[in-house]
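User: I'd like to go through this structure with you. Can we start with the core?

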Amino acid sequence: MRLWLHVLSLELRKIVTYRVDFWFRFVGTLLANVVVAYFLWSAVFARTGATAIRGFTFEALILYYVLAPLAENVARPVDGGAIAEEIYSGGLTKFLVYPASFFRFKYVAHVAGAAMAIVQLAFVLGGYALWHGIPAEVPLTFWTVALGVGFALCAGILNYLIGAAVDQVAFWADRVWSLNVMVMFITRILGGSLLPLAMFPENLQTVVKWTPFPYLIAFPVQAMMGQIRLADLPQAFLVMGLWCGALLLANRALWKAGSLKYTGVGI
């Protein structure tokens, strides 16, 4: 535990080394997401004349798009490709002689990023509540936000296992960048980042709920907004647990086979 706390401290200091770039990149991404959603949905509501669409008022939708990238940052704080880069560069060699697990080391970096993302979430959500206020129809409280953050941290384990499995394809392929981009887009579409899952057709929603993607973004956001029912929890934990188990076995198999092909030469 002492070793992992030391690694966590180092990773946190690495993240905040370039503070201005760190916050500008975060704020730029958030503003782009919210501004596009604002003009898109204002046009939709103006065109239809509706006061609510699939249970979302305009104000609730904007809050959703504020929370979505924040929850995604908690669940996926580190960009894909970190493990693949160690394989390509030969950096994996040093981890093979360390008295610690390579995957645990990388997961600590993931946790450090999640910790900073939680700080960002608190900062942005607090500022939004003071500046604009929380819509009356959204039962958002401190406890719902804490529940959503807890779900996002659980989703982070699932997200890490997905990323690790994709990255280990680097043992056989020259580049896995395109695979990471593909997984990122699938996650954002089926995870509810680009469009709330409530906007999907009912049949598609039923199918998507058995994939890991809704629990990476949409489920934590809905929990923060107080939209999760107790009846939804058993299926959520069952699906997440099954996918985590399957991905854990897949990662072990990939590591066992891939490490036999690893040369440590680098590029």
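User: Which residues of the largest nonpolar core touch the most other members?
Analyst: Trp-41, Leu-63, Tyr-64, Leu-67, Leu-121, Val-221 and Met-225 do, in a core of 56 residues. A nonpolar core here is a set of buried Ala, Val, Leu, Ile, Met, Phe, Trp, Tyr and Cys residues joined through side-chain atoms within 4.5 Å. Buried means under 20% relative accessible area, exposed over 50%, and partly exposed in between (1.4 Å probe, protein chains only). Note that this is a predicted model, where local features need pLDDT of at least 70, side-chain atom pairs count only at pLDDT 80 or more, and totals for chains, interfaces and linings use all residues. Residues are numbered from 1 along each chain as its sequence is written, and side-chain values use heavy atoms, with hydrogens and water left out.

User: Which elements give two or more residues to this core?
Analyst: α2 (19–48), α3 (58–75), α6 (102–131), α7 (142–167), α10 (218–224) and α11 (233–258). The largest share, 14 residues, comes from α3. Helices (H or I, at least four residues) and strands (E, at least two) are DSSP runs, numbered from the N terminus.

User: And what is Leu-121 in contact with, leaving aside neighbours within four places in sequence?
Analyst: Leu-70, Ala-71, Val-74, Val-145, Val-149 and Met-224. Contact means heavy atoms within 4.5 Å.

User: Switching to Ser-193: where is its place?
Analyst: In the loop between α8 (177–190) and α9 (202–208).

User: Does that make it buried or exposed?
Analyst: Ser-193 counts as buried because its relative accessibility is 5%. Not counting residues up to four places away in sequence, Ser-193 touches Tyr-65, Ala-68, Glu-72, Arg-188 and Ile-217.

User: Now the whole chain. How many helices and strands are there?
Analyst: The protein has 11 helices and zero strands.

User: What about its overall dimensions?
Analyst: The C-alpha trace spans about 60 × 40 × 30 Å along its principal axes.

User: What share of the residues count as buried?
Analyst: 43% of the 267 residues. Among contacts between residues at least 6 apart in sequence, 80% join residues at least 24 apart.
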